[in-house]
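I'd like to walk you through a model, so please have the viewer open while I talk.

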Amino acid sequence: MFVYLGQRILVMTLLLVVMSILVFCAIHVLPGNVAILILGDSAAPEHVAALEAKLGLNDPLHVQYWRWASMFVTGDFGESLVMERPIAPIVMEALGKSLVLASCTLLIVALVGITLGVISATRRGSIVDHGASLFAYLGISVPEFFWGIVLIIVCVNYLGLLPASGNADISDGIGNYIAHLILPIATLTLTLLAHVSRMTRSSVIEELESNYVKAARAKGLPERIVLFRHALRNGLLPTITVLAYDFGWLIGGIVVVETVFSYPGVGRLLIFAIERHDLPLVQAIVILMTAIYMGANLVADLLYTCFNPKLRYGGAVE
Amino acid sequence: MVQQSWLMRLTAVLAIVTSLLLCWPKEVGAQSKSTLVASFATGINSLDPARFGNLPEYSYGNLVFNALAYIDEDLKLQPDLAESWQTSDDLKVWTFKLRDNVKFHDGRPLTADDVVWTVQRILDPKTGSRIRANLQIVKSVTAVDRLTVRFELNGPYADLASVLADYPARIVPNGYTDLAKHPIGTGPFKFVSFVPGDRLVAVKNENYWEKGYPKVDEVRLMHIPEMSSAITALESGSVHIVADIRPESISQIRSGKAATVQSVPSGTWMGYVMHNEKPPFNDIRVRRAFAALVDKEEVIKIASFGTGTVTHSPIPPRHPYFLNEVATPKADLATAKKLLADAGYAKGLKLKIWYPSADAEQERLALALREMAKKAGVDIELSGVPNDKFYGEVEGKESLATTMLYGRPTPDTQTYLWYHSTGSWNRNMWHYSNPKMDALLEAARAAKTEEERTAIYKDVQRTILEDVPGIVVYVKAISHGVRNNVEGFSVSPRAWLELKGVSLKN
């Protein structure tokens, strides 16, 4: 087991290094550079040259990369070239905000999605099943910015119930803070529901038709135990993979929702950094996002072993 | 069945939690302090005044800093940190007397050394300041005594005070290098915190040198990129002022009852840039042909939904030097076709027009030109690209592009850098060169009377209309959405927000 973990972590580290090199090259392939973007269209060539020299953009690529990498591994994320402020606090703050939104959303998606999936599976073919499927498909087929804007118009404009932006200071009250989060979470839940509920539904249906469930029923176990202790536990495995993947997406891929709700998460920060070719900022964010993504998948793989002992790594199957 | 009761329990729990949350007070408990909230669609990039480049940054600059002078809503120059100033006869030496007893937010007093440091810093290429080009006229700046600053210039320049009132020339403390992290100024508000992409918070400066200001206790500048979310926030009351509303969104607010739209023509101008050194625009006949086929009123309708105002050049229509004597010509297709034929394009001309795809108004500008040019046999293909490509590879290099530029404070700053053959903007845009124009612009700088200067700038505008280095079509109206309980706010033609005199009535 520990050998397995060790191997995984080694592979993750290698992947992070490769990512950082790829991102570095990609930024340099893009037209323009950060000096031009800071100085804007008024830049005379000699001004741009002076700023480029100061920012070290004239050094050969591998020198620039090494300069960044040697600082990064010691924990010094450097300063944003555009904002001229230390990167670590900026990224950590944005990451914190993204983590709050991602965790809450994931929790709600898991609860609602699994519930819907189980209901659909046990009442397969009924109107409840069709209704749940329709709801889930509607959520996923319509783009999330549409749901976001519709929810804002309905809940803020017409009903006046909730605030239009997703972000509030905790110092302004915890109830207020949660109220701000409701709409973004609702929007994201609508988008992610279908994967989870449909996956759960088909897994649970499959499990319910298997031999061991028949045996359990024949034994006289109450349906509730058959469903939750046996069928669901095994049926949840694919759902866990989906949830882990969704967590990664919720951390960096929800730029659109972050824009609609003015939520200062990591996705928007990354777009800001890329547009301005602010390399240290881009690198810091990409590496953190990749690490989180890989970590989420690692956790999912480890959770598998909890649910199904046959899948324990490193141990022989008795 | 057993599952049902489990399900019903879960539903009940969810219902209780939801109703609790909805009942929870959404507004903060009775605030004894007043907070003014303004929102912008673009974000603040840097807290260092020397690095300012967009609207929220200029507005933050007005909160936390002062300049030597400032330009009010009537475009008149007023003293700010400098009580008075005078210039030598040859307009080459300027002396500014600073106000006494002005303190920075950390308590240190304002002295001439701070002004010297600020200006030298802007001129230092390593600072990366956008205003450097405008201040290159300064040969040296010295502190004569504690409250007196002397500028020695490279040539005569009548507008130095106006340039020093411009956005990035905000006075910062001598030797202070932490501006981007902990900015300190002399302004009506003190900087508190900045979260990139979210908000900037500033609180009242109790010791502000101008008595009676500011009027509110706290200002928050929010970054809300999605215009519909910002307008919703304005109508629901969480935002008091939404800055720079796009023409297409104005009707959304006029129909609401909680807020209104206030607009004023600004100095921000929109136009078409032609590369004067590359074909086809190196031939003046082609440039004149394009000027003839553009119907400026029509372009305004298409690009700005009718909110813009026609102009001949970057000198705005409300300015006293504006060339009223020449009316806006209507489109003249016959002349356009003849000029194109003379230049050898009788069979037609194929071109690409470049624009930054993030700006919808510039896209419409390009579209308008394409439609008009078709009638004269010119086939224009639209090419929208992201900002980094536009500024890195397109502007100043391709033959035809659109442009949008923030207004500058004076006729000289509005024209010199664009039309003088050595102007830095000129070399990045249309590459125009005409010794007659150079002479006019230099004479204007040395002109001693208003009549002289008016006459010269009118000649400048006539030359622009004759030579057509590019086509300046219109100046944009700047519109802000303002809640009805906001008092003391007026829209500045400089487009930024000036908030020190604003208060909230409840």
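Let's begin where the two domains of chain A touch: 15 residues of domain 1 of chain A are in contact with 13 residues of domain 2 of chain A. This is a predicted model, so please keep that in mind throughout. The domain assignment puts domain 1 of chain A at 2-72 and domain 2 of chain A at 88-307. Between the C-alpha centres of these domains, the separation is 33 Å.

Which elements of chain A give two or more residues to the domain 1 side of that contact? They are helix H1 (2-29) and helix H2 (34-39) of chain A. H1(A) has the largest share, with nine residues. Sorted by class, the domain 1 side holds eleven nonpolar residues, three polar ones and one charged one.

Now please move along chain A to a pair of helices. Helix H5 of chain A covers residues 87-122, helix H6 of chain A covers residues 127-141, and the two pack at an angle of about 145° with their axes 8 Å apart. Left-handed or right-handed? The crossing of H5(A) and H6(A) is left-handed. If you'd like to colour the contact, H5(A) brings Leu116(A), Ile119(A) and Ser120(A). From H6(A) come Val128(A), Asp129(A), Ala132(A), Ser133(A) and Ala136(A). Together, the residues of this helix contact comprise five nonpolar, two polar and one charged.

Staying with chain A, there are two backbone spots I'd like you to look at. One is Ser262(A), which has a positive phi of about 45° although it is not a glycine. You'll find Ser262(A) in the loop between helix H11 (255-260) and helix H12 (266-275) of chain A. Is Ser262(A) buried or exposed? Ser262(A) has 24 other C-beta atoms within 10 Å, and the cut-off for buried is 20 or more, so Ser262(A) counts as buried.

The other spot is His277(A), again a residue other than glycine with a positive phi, here near 55°. His277(A) sits in the loop between H12 and helix H13 (279-307) of chain A. His277(A) also counts as buried, because it has 24 C-beta neighbours inside 10 Å.

Let's bring in chain B.

Four strands make an open sheet in the order E4-E5-E7-E6 (chain B), and their pairing is antiparallel. Its edges are strand E4 (82-87) and strand E6 (138-145) of chain B, each of which pairs on one side only. From one strand to the next, the twist averages 20°. Inside the sheet, strand E5 (residues 93-98) and strand E7 (residues 148-153) of chain B pair in the antiparallel sense over five bridges. Lying across E5, E6 and E7 of chain B is helix H3 (residues 112-123) of chain B, which runs at about 165° to E6(B).

Further along chain B, strand E8 (residues 189-195) and strand E9 (residues 199-204) of chain B form an antiparallel pair over six bridges. Here Lys190(B) has Val203(B) as its bridge partner in E9(B). E8(B) and E9(B) form a hairpin with three residues between them. In the turn, Gly197(B) has a positive phi of about 85°.

Last stop: cis peptide bonds. One joins Tyr213(B) and Pro214(B), with omega about -10°. Another cis peptide bond joins Pro279(B) and Pro280(B), with omega about 0°. Where is Pro280(B)? Pro280(B) is in the loop between strand E12 (259-274) and helix H7 (284-293) of chain B.

That's my tour, and I'm happy to go back to any of these spots with you.

Conventions:
Residues numbered from 1 in each chain as written. Chains lettered and ligands numbered in written order. Predicted model: local features only at pLDDT ≥ 70, side-chain atom pairs only at ≥ 80, totals over all residues. Axes fitted to C-alpha atoms, helices over the stretch in contact; angles between N-to-C directions. Left-handed = near helix turned anticlockwise from the far one by under 90°. Contact = placed C-beta atoms within 7 Å. Nonpolar A, V, L, I, M, F, W, Y, C, P; charged D, E, K, R; others polar. Domains from an automatic or database assignment. Pairing = 2+ DSSP bridges. Buried ≥ 20, exposed ≤ 12 C-beta atoms within 10 Å, placed from the backbone.
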